[in-house]
Amino acid sequence: MTTGDRPSSAPTMGDVAHRAGVSQMTVSNVVNGRTARVGAATRARVLAAIEELGYRVNVSASRLRSGRTGVVALAVPDFSLAYYAEFAERLAVRFAEAGLRLVLEHTAGRRESELATVERGHLDQYDGLALVLAAGDAEEVARRHPGRPVVIVGEREVSSSLDHVVMDNVGGARAATEYLLSTGARRIAVLGAQPGGPVSMASLRTRGYLEAIAAAGVAPDARLLVGGGVGFDDGARSAAALIAEGAIPEALLALTDETALGALHTLAAAGIDVPGRVQVVGWDGTRAGRFATPALTTVDPDNDAIADAVVRLLARRIHADGPVPREIVMPAARLVRRGTTL
């Protein structure tokens with residue numbers, strides 16, 4: 001087609017339909033990805049006409065008509081933890097492939113901030129939300145009747161009406177502890193432990209540890225359940241406290257990779273050999289662990305499967321024409337053995 005053959009104004013969907021010899025509805029189906037309704041040969045003609053005419057979809061108008069924004073949100077409690085940064089990256093890539101843009105929101109792990117993300121006036125700016133619950137209650141989120149699809153991610157109690165993606169916290173901690181026990185370790189400390197209280201990441205991972213040592217006939221020792229946070233500084237302080245008390249264990253199970261890396265720093269500074277004197281296991285399967293010295297053994301909660309599940313569940317609800325059954329997904333955690341264990 002020569003320049004003189006082009007329409008004098010921007011080509012329309014009607015121009016594309018005329019050039020391809022199809023209806024405007026068929027063109028709409030092609031540009032909106034509803035290709036199951038269009039034959040391969042017809043789709044090829046429409047795409048060729050779009051290319052020849054230089055037709056561009058009016059995204060804003062399309063979204064106004066559909067009531068969609070093309071944007072989804074991920075709300076997390078902490079921007080500083082590597083796990084959430086890598087989780088956001090995984091989601092951004094997958095949502096982009098689905099034609100959706102990801103934005104981040106920070107809740108600081110506060111209940112009121114988590115609930116604010118699902119208020120109608122706020123949530124209307126998105127097509128859907130993945131909410132990492134750290135403090136709130138999933139049923140309370142559901143009672144807010146969010147007007148857009150919401151998928152809960154995390155360890156809090158499961159909702160009776162919302163999709164929920166949960167890590168295998170108990171199973172992963174049990175498997176890590178069982179492995180350490182199999183190497184002959186009996187005095188295994190937990191950094192970031194929470195032996196009781198409300199359901200949380202820390203309480204569930206501590207439960208898995210306690211189940212494993214009980215099954216092995218090892219009596220629990222409260223001195224080895226070291227509470228506190230789960231960042232770099234927390235791990236460093238916890239390891240320093242154990243050393244200062246003369247209670248250096250045979251192994252450390254840290255509840256995040258960052259806690260483990262902080263502990264490794266302290267152990268190295270004290271001249272304590274890892275893994276010869278103390279074995280160390282982290283949790284999260286983050287990239288940083290591969291570059292520690294020695295490389296960090298870690299529990300991988302199957303990060304890719306978690307991201308796949310969140311995107312699938314949100315996309316299914318965003319594009320649903322009718323009711324969709326609630327779904328709970330729990331990928332299987334596995335131990336990735338590296339240089340910090342025997």
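Buried means under 20% relative accessible area, exposed means over 50%, and partly exposed lies in between, with a 1.4 Å probe and protein chains only. This is a predicted model, in which local features need pLDDT of at least 70, side-chain atom pairs count only at pLDDT 80 or more, and totals for chains, interfaces and linings use all residues. Residues are numbered from 1 along each chain as its sequence is written, and side-chain values use heavy atoms, with hydrogens and water left out.

**Whole chain**

Start with everything selected. The chain has 13 helices and 12 strands; these are DSSP runs numbered from the N terminus, helices being H or I of at least four residues and strands E of at least two. The C-alpha atoms fill a box of roughly 85 × 45 × 30 Å along the principal axes. Of the 342 residues, 50% count as buried.

**Ala108**

Select Ala108, in the loop between β2 (101–106) and α6 (111–116). Its phi is near 60°, a positive value in a residue other than glycine. Ala108 counts as partly exposed because its relative accessibility is 31%.

**His145**

His145 is not a glycine either, yet has a positive phi of about 50°. With a relative accessible area of 55%, His145 is exposed.

**Helix α12**

Select residues 257–269, helix α12, which reaches 18 Å from its first C-alpha to its last, close to the 18 Å expected. The expected span is 1.5 Å times one less than the number of residues. Of the 13 residues in α12, 10 are buried, including Asp257, Glu258, Leu261 and Leu264. To see what covers them, show α5 (82–97), β6 (188–191), α11 (232–244), β8 (251–254), β9 (279–283) and β10 (297–300): the buried residues of α12 pack against these elements, contact meaning heavy atoms within 4.5 Å.

**After α12**

Just after α12, Gly271 takes a positive phi of about 70°. Continue to Pro275, in the loop between α12 and β9. A cis peptide bond with omega of about 15° joins Val274 to Pro275. Pro294 lies in the loop between β9 and β10, and a second stop there is the cis peptide bond between Thr293 and Pro294, with omega of about -5°.

**Helix α13**

Finish with residues 303–318, helix α13, whose end C-alpha atoms are 23 Å apart, in agreement with the 22 Å that its 16 residues should span. Among the buried residues of α13 are Asn303, Ile306, Val310, Leu314 and Ile318.
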